[in-house]
Amino acid sequence: MDIETDALLAFIKEKLIKSRAAELTEDTPLVSSGLIDSFSLPQLLIQLEKITNSRIPTGRVSPQDFETVRRMMEVARRLGVRKA
Amino acid sequence: MMIAIRHFDSILEALDGGIQDLPFITMSHAGSSPPSTTCTFAEFLASAEAFAHLFQSHGIQRGDRIVLIMEQDVPLMASFVGAMLLGAVPTILAFPTFKIDPSKYRSGLHGVTRNIGARLVAIDAQFPEDLKAQIALTRDTEVIQTSEPPRPAPSKIKWANPSPDDVAFIQHSAGTTGLQKGVALSHAAVLNQLRHLAERLQLREEDRIVSWLPLYHDMGLIACFILPLLFRVHIVMQSPTDWVLRPASMLQLASDFRCTLCWIPNFAFQFLAQRVTDEDKAGLKLDSLRAVINCSEPVRTQSMQAFYDAYQTCGVSWTALHSSYAMAENTFAVTQTTIGESVPVRTIWADRSAFQSHSLIEARKPEDDAAVPFASSGRCLSNNSVRIVSADGSELEDGRVGEIAVHSDSMFDGYFNRPDLSEEVLKDEWYFTRDVGFILDGHVFVVGRKDDVIIIGGRNFYPQDIEEIVSRHSAIHAGRTVAFGLYSEEMGTNDLMIIAEVNDPAILVQRIEIEAEIRRSVVAEIGATPKRVHVVPPKWIIKSSAGKPARSATREKFLSENS
């Protein structure tokens, strides 16, 4: 796992997870499992942008893209526009 | 210029003629090029006629019910009007999220179509493929997938000529899909509502509404689509998903398009105050907003204050912060604060113990330790009346807390095909809302619910629906579960809390797994995420004298053990 993935996992564990969850990995379903709710998505998006130093166009992503950390990192790589 | 409010016999009569070439809907498509598209009223009507032609080709006639399940965009609105042009009765259901369990979705949709006797279900090209196979319904209900845009109508569609008492459309109220109640509204009811609302809002030709509100919800449908449809006001719209991912986007649209009106639930005031970065806030000019209306949840002074504190530097003034009390059964608004008052949303402070123990509002000063604030939802619209009623049915005086009953000329005709449910809530032309509140100096204050309905982010959930889902878990003692809402100061809305008793104490070693499974099934069926799932040993939940779980006593026990 790279530093960016680690940082995102740490943020989710510390700030967003609502329950005493089992282990959190980059493939753990987050939204459909009820570990995070849609009200947490803006924080997650902002954090993803901060960690990857990019801006992600929201119209081209869906809540499903936030289902796992692996997917979020893929979205950032595919759609993120690097900030100067 | 103020809009002249005319009398019409039907919604269709209001659509015919008049100015056609002004912008009607600007739809934002974040991340696309161009970032938004605008259609004029004439273009919108042409699209509605194309849908009417499509529906006609499937045999739709006057009075037939049509269910629309499409993404939030112009085709959804055009198909809604297209159905009405034929005198058919449209209803909009929520677009499925990826979280939904396909078999539950199927049975939910089946329940709704059966209840309203739908002839047609129209889905769009974006409808998830894996769900499509699931929604084949009965022989009586056809499912069609529409292309975008549908082919233009080859000739002028003959518009229906509905009478004022004909049902115009159906809104679906609270409840799990399938158990939702269809609120049938006549043309007269809708037109009366919109006349009174436009009058109170002092609606102007140059008004512009910004909205992300879903169209299956009364606030999105009536305030942000049917009101501007009737009065030819420009709407700037985005999808709820775009808004949830980046809440600042709504404010950016309001700023870019100089919008003047918007409706949002209480939690959104707080959400916008907390979840927008300073970077996103920079450059926002929100001084054009003349009414930001708090509606769909009990109004909280703290949430309005948080929004004001966050955006006063962007030009938001106190005079622009408003509130309204509304429900699908009354078409929409019962009350609305008054435009032009220096403090439209009046806050009063009352003695906490007199309120809690005696359902009585006794004035206190804000600095008093025992004081609790209540925010007004404004005065009744014309031809709307509110009574506060005690448990024995007698009318209470000002300052007494009880159930809110509503009487108006925009009332629903009853729940579609459910006279049993209609009879429970409609008595002598008064609608008993099950909301709890009080009246003071003509202002209506809403404080909560009589039944244990949980309002989360403007959506209503029945605890019994959630408890039934939890009860299905094999480790849980059927019927020994409690769901309740707990107000979160941070979120400005309720958190969903669930308590569930296991059958056998030995299984408590698997508590974390059981909690995760319950969490997952609740999300898959109702789309709301529990804040806490608390799995407890047998006999933990407090029972009522009738042997059923007592929600409020169990809630108190949970709070005392977890404070």
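Buried means under 20% relative accessible area, exposed over 50%, and partly exposed in between, with a 1.4 Å probe and protein chains only. The model is predicted: local features need pLDDT of at least 70, side-chain atom pairs count only at pLDDT 80 or more, and totals for chains, interfaces and linings use all residues. Residues are numbered from 1 along each chain as its sequence is written, chains are lettered from A and ligands numbered from 1 in the order in which they are written, and side-chain values use heavy atoms, with hydrogens and water left out.

**View 1. Two tryptophan rings stack in chain B.** B:Trp243 has a relative accessible area of 1%, so this residue is buried. B:Trp212 is buried too, at 6% relative accessibility. Rings of Phe, Tyr and Trp (its six-membered ring) pair if their centres lie within 6.5 Å; planes under 30 degrees apart count as stacked, over 60 as edge-to-face and the rest as tilted. Here the centres are 3.9 Å apart and the planes meet at 0°, so the pair is stacked. B:Trp212 sits in the loop between strand 9 (208-211) and helix 7 (218-231) of chain B, and B:Trp243 in helix 8 (residues 240-245) of chain B, so the pair ties together parts 31 residues apart in sequence. Helices (H or I, at least four residues) and strands (E, at least two) are DSSP runs, numbered from the N terminus.

**View 2. Phenylalanine rings form a cluster in chain B.** Over all chains, the count is 23 aromatic pairs. One of them joins B:Phe24 and B:Phe44: the centres are 5.1 Å apart and the planes are at 75°, so the pair is edge-to-face. B:Phe24 belongs to strand 1 (residues 23-28) of chain B and B:Phe44 to helix 2 (residues 41-57) of chain B, so parts 20 residues apart in sequence are tied together. Both B:Phe24 and B:Phe44 are buried.

**View 3. Chain A meets chain B.** Contact means heavy atoms within 4.5 Å. Chain A brings 32 residues to the contact and chain B brings 30 residues. Together they bury about 2600 Å², 61% of it on carbon and sulfur atoms. Buried area is the accessible area (1.4 Å probe) that two parts lose on being put together, summed over both. Three salt bridges cross this interface. A salt bridge is a side-chain nitrogen of Lys or Arg within 4 Å of a carboxyl oxygen of Asp or Glu.

**View 4. A salt bridge joins A:Arg55 and B:Asp280.** The closest N and O atoms are 3.3 Å apart. B:Asp280 lies in helix 11 (residues 278-281) of chain B and A:Arg55 in strand 1 (residues 54-55) of chain A, so the pair joins two chains. B:Asp280 is buried at 15% relative accessibility, whereas A:Arg55 is partly exposed at 33%.

**View 5. B:Glu501 and B:Arg480 pair between two strands.** Their side chains meet in a salt bridge (3.1 Å, N to O). B:Glu501 is in strand 26 (residues 493-502) of chain B and B:Arg480 in strand 25 (residues 476-488) of chain B, so the pair ties together parts 21 residues apart in sequence. B:Glu501 is buried, at 1% relative accessibility. B:Arg480 is also buried, with a relative accessible area of 11%.
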